[in-house]
Amino acid sequence: MIAKREIWKYPDKVKVWVGKYRNSHNLLHWHHDCELVYVENGIIDIFCDKRMHTLTRGELLYIDSGQVHYMQAHDPETVLITIIFNYSILRPYIGNLRLASPKLKGSYPIPQFYREIRDLLFHKPPFFEVEAVGKIISLMASIFRGEELVPHETADKTTERFIALLEDISDKCDQYNFEKGVSFMNVSAAYFSRYFKESTGISFSAYLNYVRTEKAIALINGENKFTMTEIADKCGFGTIRNFNRIFRNLTGCSPSSIPKDYVLNSSFVYPSDSAFVPTFHDCELLESGE
């Protein structure tokens, strides 16, 4: 599944959620909420702010509102503490500042804050909503005081055009190639290639092949029965030979032998207004404040 915008649904009217996960793997996605990720055990790679960060036990990463990201645990016993809250909680206080790096250098009592917020959300004592928000503000005040800050950059026209390109590719992947992508962005070929790789972590051609393959899987498993040649044409592969080669490289299967419930397990970005759940099925929620 190509990653899209995740819309976080809080169980209560308080816009705060905490949980503990084992073996976190998810697709690259984004949301308007802020997220703190603390490694309780193990090692995890997190792609955020256009680069990969490796976190080990006791390390913390902050995912700002709107930052595309994904994570992959190194082993199944990796355990994460996750604190998620709506950006509106911070907006009145931080102005145009943001953290210089998602991976934090300071030491913060995340397990303590996690337990306190979890117990508030679970037991729901009187005024727990106010207290939970207060704890988030207190924690983030400590983090913003202890880390390097830089001016917050607003989305420019290039970013907006790039998001429009990704959505256009999703609708018309059979019509796209590198030259059309360059033309759509109205930049030089060299700049387009570099910008695309920095923003998604992969090349344009790899992304396009992924989009085409996901569309092909949907057509193969859909109600309308097309021939493989028709599917190759509808998805923009050009020839059946090219279709078979790319499909097998990405899935490990031929188009005719793909399992009915197969999900393309890769990490690519596609910002959208549609909600989805980016977490893979082998990621286990151990506990939460619900």
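This is a predicted model: local features need pLDDT of at least 70, side-chain atom pairs count only at pLDDT 80 or more; totals for chains, interfaces and linings use all residues.

Trainee: What's the mean pLDDT?
Mentor: The mean is 87, and 89% of the residues reach 70 or more. pLDDT is the predictor's confidence in each residue, from 0 to 100.

Trainee: Where does pLDDT stay under 50?
Mentor: Residues 1–5 are one such stretch, with 37 contacts beyond four places in sequence. Residues 267–276 are also below 50, with 49 contacts beyond near neighbours in sequence. Contact means heavy atoms within 4.5 Å.

Trainee: New topic. Which strand holds Asp-33?
Mentor: Asp-33 is in strand S2, residues 33–41. Helices (H or I, at least four residues) and strands (E, at least two) are DSSP runs, numbered from the N terminus.

Trainee: Is Asp-33 buried or exposed?
Mentor: Asp-33 counts as buried because its relative accessibility is 5%. Buried means under 20% relative accessible area, exposed over 50%, partly exposed in between (1.4 Å probe, protein chains only).

Trainee: Which side chains have a polar contact with the Asp-33 side chain?
Mentor: Tyr-10 has one at 2.5 Å. Asn-86 has one at 3.4 Å. A polar contact is a pair of N or O atoms within 3.5 Å; within protein, one must be able to donate a hydrogen and the other to accept it, and residues adjacent in sequence count only if both atoms are side-chain atoms.

Trainee: On to H2. Which of its residues are buried?
Mentor: Ile-110, Phe-113, Tyr-114, Ile-117, Leu-120 and Leu-121. They cover an arc of only 135° around the axis, so they sit on the same side of H2. The arc is that of the directions from the helix axis to the C-beta atoms.

Trainee: What covers them?
Mentor: The cover includes S2, strand S7 (79–86) and helix H3 (128–146).

Trainee: And what comes just after H2?
Mentor: Lys-124, with a positive phi of about 50°.

Trainee: Which residues are buried in H6?
Mentor: Phe-192, Tyr-195, Phe-196, Ser-199 and Thr-200. Their arc is only 105° around the axis, which puts them on the same side of H6.

Trainee: What do they pack against?
Mentor: Strand S3 (43–48) and helices H4 (157–171), H5 (178–185) and H7 (204–220). Just after H6, Gly-201 takes a positive phi of about 90°.

Key: Residues are numbered from 1 along each chain as its sequence is written. Side-chain values use heavy atoms; hydrogens and water are left out.
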